[in-house]
Amino acid sequence: MKDNGVKIIKTTTWSPGPGCHGGCGILVHVKDNKVIKVEGDPDHPWNQGRLCSRCLSMTQYMYHKDRLKKPLKRVGERGQGKFEEISWDEAFDLIEEKMKKIRDDHGPESVIFHQGTGRDIGGWISMLAYAYGSPNWMFGLSGISCYTPRLMMMSITQGDFAVVDASQWHEKRYDDPEYQIPETVTIWGQNLPATCPDGFFGHWYIDLMKRGTEVLVIDPRCTWIASRAKLWLQLRPGTDAALALGFIHVMIKEDLINMEFIKKWTNSPFLVRTDQDSPALLRESDLKENGSDINFVAHDPVSDSFVVWESDNQVYQKSDIKPSMEGEFNLTLANGSKAKTKTVWTLYKENAEQYTPEAVSKITWVAPDKIIKAARIYAKSKPSALHWGLPIDTIPSTVPTSQAINHLWCLTGNLDNPGGNAIARYAYDVVTYPYHTGGSILSLPPDVMEKRIGMHDYGAIKDFRAWAQPDKVLEQIFSGDPYEIKGMWIQTANPIACTGMEPKKWRDAIKKLDFTVCVDLFMTPTAMLCDVILPAATFLEKDSLKAWWVPLQAIKKVVEVGDCKSDIEINLELCKRFMKDFPYDNVHQLFDTLLESADMTYKDLCDKTWMIPPKGHPSKPYFRYEKGLLRQDKKPGFRTPSGKIELYSSWLEKWELDPLPYHEEPPYSPVSTPDLFKEYPLILSTGRRMGPFFHSEHRQIPWLREQQRDPVLEIHPDTAKKYGIAHGEKVCVENWLGKITVKALVTPVIHPDIVMAEHGWWFPEKEGKEPELFGVWDVNVNQLIPMSHEGKAGLGSPIKTMLCKVYKAKG
Ligand SMILES: Nc1nc2c(c(=O)[nH]1)N[C@H]1C(S)=C(S)[C@@H](COP(=O)(O)OP(=O)(O)OC[C@H]3O[C@@H](n4cnc5c(=O)[nH]c(N)nc54)[C@H](O)[C@@H]3O)O[C@H]1N2
Ligand SMILES: Nc1nc2c(c(=O)[nH]1)N[C@H]1C(S)=C(S)[C@@H](COP(=O)(O)OP(=O)(O)OC[C@H]3O[C@@H](n4cnc5c(=O)[nH]c(N)nc54)[C@H](O)[C@@H]3O)O[C@H]1N2
Ligand code: SF4
Ligand SMILES: [Mo]
């Protein structure tokens, strides 16, 4: 398209620029090789023309005077802020020399490849780490507490991930005849209009609400959506598992569950041995079908488990026997000994029994009648969809919490149904960012993978996600045990201002290493400490592709800025230097290989810009478990070890964790640390997102910063009054780990016993060298949150459930 010398190009987003998890369709106006305007693409089914302020500010971002435009080499001491511009050739040569030396002297595992959140990086940074030979590719957030716990739990429970079906799999969206508007959407700890995370666009809820969907909100804060909800439950932070189990209790008691679905598709009729220290699913080796006391116990070959069958004549006949859900059975095992067993469903009901509305109310602060009402709304709505956010990950007990919530849609059969929780796969099975082990562009031999940090501590780290465990990485940088860490490659992360808890430890860790590289777009508190800084291109300056979840889409290079290079080009160049016979010459060759499963080339994809999988494709809903579209063996069922939804989790059993969900107190809370609570009498929640900023980004962009100049602490008017704090005044937020000074935002949206601090703050306009580091130590709330508090699965951390005191700052 051409008009007055202005070319309009259709493309899609995926960091850097808006920062975000991306997905939106845009029209880019280009004049004289310069972007002059970005607007929403009205024809793109995802955002249908809408854009957030971060995308609308792209011109200010791309052409900002502070953008890094050439590679930099440190010439002073670390943190002194003395850098010299070098060419790309010099930068690549230097990195090659230094990193090869570390590899020769200490082994490739001694370099950590550190990424930030889920942006256009996972595929490319894992490729670089593996080409170099290091298994230590890492997302540096304590306990990997962002999305991974939810992904892991969905994967082991139902074999696939799921998200709310807001019609995103249909080009015609809400008007598609197959689609059904959810009667209710439950928004569990998510602030969607501001966040749009994890392959979801926040405004879809508003579209749904306009079409009649009611919302149920579970959040300690009255969010924009909560203020428009049918019911809002203001729970105590970190008690979500108890609340979900309270729902389950009510749903079972009032028969609001979908028993047909549960019988047919879950492992509820399986038998569990209960007379040992820890219960265990029965295996074929435990029992012979004909050798048991009762002849209606049948072996299920897919799952290698035992199922109890209902039968009038008590003779096992596959054709006329229905699985039975309930009971206790004394069996004779294959080795002749006796065993007590119960069905999964019997155990499940017993477990839920204790979570009465009254008991749950005491834990969660939500009134019993509200718990009952909410459970009824969720379970009776047809279809009913549930979306959950980051707070489910940011607690050490994230595994039982995500499990309990995941069960809600499994118990009601709202899985892969129109308007429920649809199974989400990469569109056309094109993997640009591997969310679990496998799917990476390169792989490493098992003996090298064995050295991945945290692998032997946690089953979930070993079996589910190929990342190193970040808390263990930080510990190992200081201990050198079992091997020394010597270098760090940091790309799309800002551990000093954002990803790192106890960021002063991360500062010391980075400074301790022999060689560090940071790839970023601006100088940050983290980049300031590194040896080489490489200038990355924005998404409008690079070619890339995305399939999270739909559509499959192209990101197109529209212009160039300075000497900036895309992350993928940087990594590909280094892969060639680190790995003999690296299979790709250029990024387009790599993209073409990734697109093989879609049977197209990158050029084809660019011509179309975006594509939605056709009906019948395994990456398109609905009811794929009935059609044999989910499992590799093409049988009906789910991609779990048993082929069933595992309400009783065989993976958790294998990892020696509790196979059923339960509530566990956060490590610091009025209940678990009452003495500490006397000194620090407020619950500190952190990281409530801000629309204009993405984490630690965008503080230098005028149109964005003018929306909010300073970091704030949300505090209830009664609490502010109690502590003599007025709106807008400077307050200290302090606990036993540290202190920050921010502005009080006195507001009734927050519970009187909770204060909410923002994360990711630093001031690009302030002094950058140490000790100031852009004022990060005055305002970074992560100084009040500990590392090494991951849960039993190696996942989760107390990011949103700390304690603090608040008082007026002096002066
Ligand atoms: N207290 C508290 N802390 C938190 C959270 C919280 O809720 N509370 N949330 C946590 C969560 S969920 C996450 S995911 C982390 C996120 O942490 P990060 O991912 O580290 O956050 P960002 O500030 O978005 O990005 C880090 C840096 O990457 C650069 N960058 C952005 N995109 C790109 C890109 O495509 N290429 C390159 N080379 N650089 C890029 C940015 O300029 C920025 O300097 O923060 C965590 N920190
Ligand atoms: N503008 C913007 N968008 C972003 C980001 C950003 O920095 N800025 N970050 C991106 C990233 S990486 C992520 S992970 C997502 C996160 O996005 P979301 O999943 O939406 O998470 P948050 O904004 O951290 O918190 C969501 C809500 O949870 C509530 N909450 C706090 N504690 C609890 C609790 O214990 N239980 C319950 N039920 N609710 C609680 C908060 O009050 C808040 O309203 O956002 C992404 N999108
Ligand atoms: S969700 Fe908002 S910030 Fe993210 S790509 Fe879309 S418009 Fe841009
Ligand atoms: Mo995140």
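Hi everyone. Let me start with a term: a nonpolar core is a set of buried Ala, Val, Leu, Ile, Met, Phe, Trp, Tyr and Cys residues joined through side-chain atoms within 4.5 Å. Keep that in mind as we look at this structure, which is a predicted model.

The largest nonpolar core here holds 258 residues, and the members that touch the most others are Trp-188, Phe-247 and Trp-489. Domain 1 (2–62) and domain 2 (674–808) each give this core at least three residues. A separate core has six residues, including Leu-271, Leu-282, Phe-329 and Leu-333.

Now, on to the ligands. Which residues come nearest to ligand 2? Out of 33 around it, they are Thr-195, Asp-219, Asp-240, Phe-693 and His-695. The side chain of Asp-240 has an N or O atom 2.7 Å from a nitrogen atom of ligand 2. With Phe-693, a backbone N or O atom is 2.7 Å from a nitrogen atom of the ligand. There is also Gln-190, with a side-chain N or O atom 3.5 Å from an oxygen atom of ligand 2.

Last stop, ligand 3. Its surroundings include Cys-20, Cys-24, Cys-52, Cys-55 and Cys-196, along with Thr-13 and Arg-54. Sorted by class, this shell has eight nonpolar residues, one polar and one charged.

Methods. Residues are numbered from 1 along each chain as its sequence is written. Chains are lettered from A and ligands numbered from 1 in the order in which they are written. This is a predicted model: local features need pLDDT of at least 70, side-chain atom pairs count only at pLDDT 80 or more; totals for chains, interfaces and linings use all residues. Side-chain values use heavy atoms; hydrogens and water are left out. Buried means under 20% relative accessible area, exposed over 50%, partly exposed in between (1.4 Å probe, protein chains only). Domain bounds come from an automatic or database domain assignment. A residue is near a molecule or strand if one of its heavy atoms lies within 4 Å of it. A polar contact is a pair of N or O atoms within 3.5 Å; within protein, one must be able to donate a hydrogen and the other to accept it, and residues adjacent in sequence count only if both atoms are side-chain atoms. Ala, Val, Leu, Ile, Met, Phe, Trp, Tyr, Cys and Pro count as nonpolar, Asp, Glu, Lys and Arg as charged, and the others, Gly among them, as polar.
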